[in-house]
Amino acid sequence: MNAKEDLHLEYPFAYEQLEAVGGHIVRILHDRETTASYQAMDAPSQWTLPGLVAGVRRQIRYERELAAQWYPAGDGVPIVIDPRVTSGLPTILGRGVTVQIIRKRFLAGQDMDFIARDFEIDKNVVEDAVRYGELVAA
């Protein structure tokens with residue numbers, strides 16, 4: 001079963017609000033004759049997604065039911081992937097500075113305090129960016 005064809009959406013998993021229930025990825029179905037129910041995505045006439053989606057789902061922020069921002073390092077870390085900013089490269093929230101630029105400057109020998117002052121961001125954010133950049137580059 002193809003979720004794109006079944007839901008008649010170009011990017012169904014960007015539109016659908018997914019939930020994790022008992023180790024399954026599900027979506028809430030609303031039917032005029034019944035109350036809301038869950039539909040597992042791992043049976044015939046349903047969809048299959050890897051369990052990883054459940055964790056990623058919590059890192060996504062939606063706008064008008066469309067996935068708009070992804071916080072790949074988790075809540076509390078101001079690194080965001082937003083296709084409207086730097087074409088979706090990981091950036092520092094509200095600054096537009098890419099993780100890649102911060103990492104390159106750090107690897108070139110610039111001090112974290114200097115980078116933080118230069119971009120007017122907290123030193124902890126620079127550390128988060130360098131750590132995330134290392135993880136992605138590995």
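What percentage of the 138 residues of the protein count as buried? Then take me through helix H5 (residues 112–119).

A: Start with the ground rules. This is a predicted model, in which local features need pLDDT of at least 70 and side-chain atom pairs count only at pLDDT 80 or more, while totals for chains, interfaces and linings use all residues. Residues are numbered from 1 along each chain as its sequence is written, and side-chain values use heavy atoms, with hydrogens and water left out.

Now the whole. Of the 138 residues, 33% count as buried. Buried means under 20% relative accessible area, exposed means over 50%, and partly exposed is in between (1.4 Å probe, protein chains only). The accessible surface comes to about 9000 Å², by the Shrake-Rupley method with a 1.4 Å probe. Carbon and sulfur atoms hold 53% of that surface. The protein has six helices and seven strands. These are DSSP runs numbered from the N terminus: helices are H or I, at least four residues, and strands are E, at least two. From the N terminus on, the order is α-α-β-β-β-α-β-β-β-β-α-α-α.

Next, H5 itself. A side-chain oxygen of Asp111 sits at its start, within 2.9 Å of the backbone nitrogen of Asp113. The buried residues of H5 are Met112, Ile115, Ala116 and Phe119. Down the helix axis they fall within an arc of 100 degrees, so they line one face of H5. The arc is taken from the directions from the helix axis to the C-beta atoms. After H5 comes Glu120, with a positive phi near 55 degrees.

What covers that face? The cover includes helix H4 (99–107) and helix H6 (123–137). H4 has its own buried residues: Val99, Ile102 and Arg105. They cover an arc of only 135 degrees, which puts them on the same side of H4. They pack against strand S6 (79–80), strand S7 (91–92), H5 and H6. The face of H4 turned away from its buried side carries exposed Lys104 and Leu107. Just after H4, Gly109 takes a positive phi of about 105 degrees.

Leaving aside neighbours within four places in sequence, Ile102 is in contact (heavy atoms within 4.5 Å) with Ile92, Val97, Ile115, Phe119, Ile121, Val126, Ala129 and Val130. Ile115 and Phe119 are two of the buried residues of H5.

That leads to the core. A nonpolar core is a set of buried Ala, Val, Leu, Ile, Met, Phe, Trp, Tyr and Cys residues joined through side-chain atoms within 4.5 Å. The largest one has 17 residues. Ile79, Ile92, Ile102, Phe119, Ile121 and Val126 touch the most other members. H4, H5 and H6 each supply at least two residues of this core. H6 gives the most, with five. In soluble globular proteins, nonpolar side chains tend to be buried together.

Val136 lies in H6 and is exposed, with a relative accessible area of 51%. Val136 and Gln100 are 36 residues apart in sequence, yet 9.8 Å apart in space, C-alpha to C-alpha.

Notes
Polar contact = N/O pair within 3.5 Å; in protein donor to acceptor, adjacent residues only side chain to side chain.
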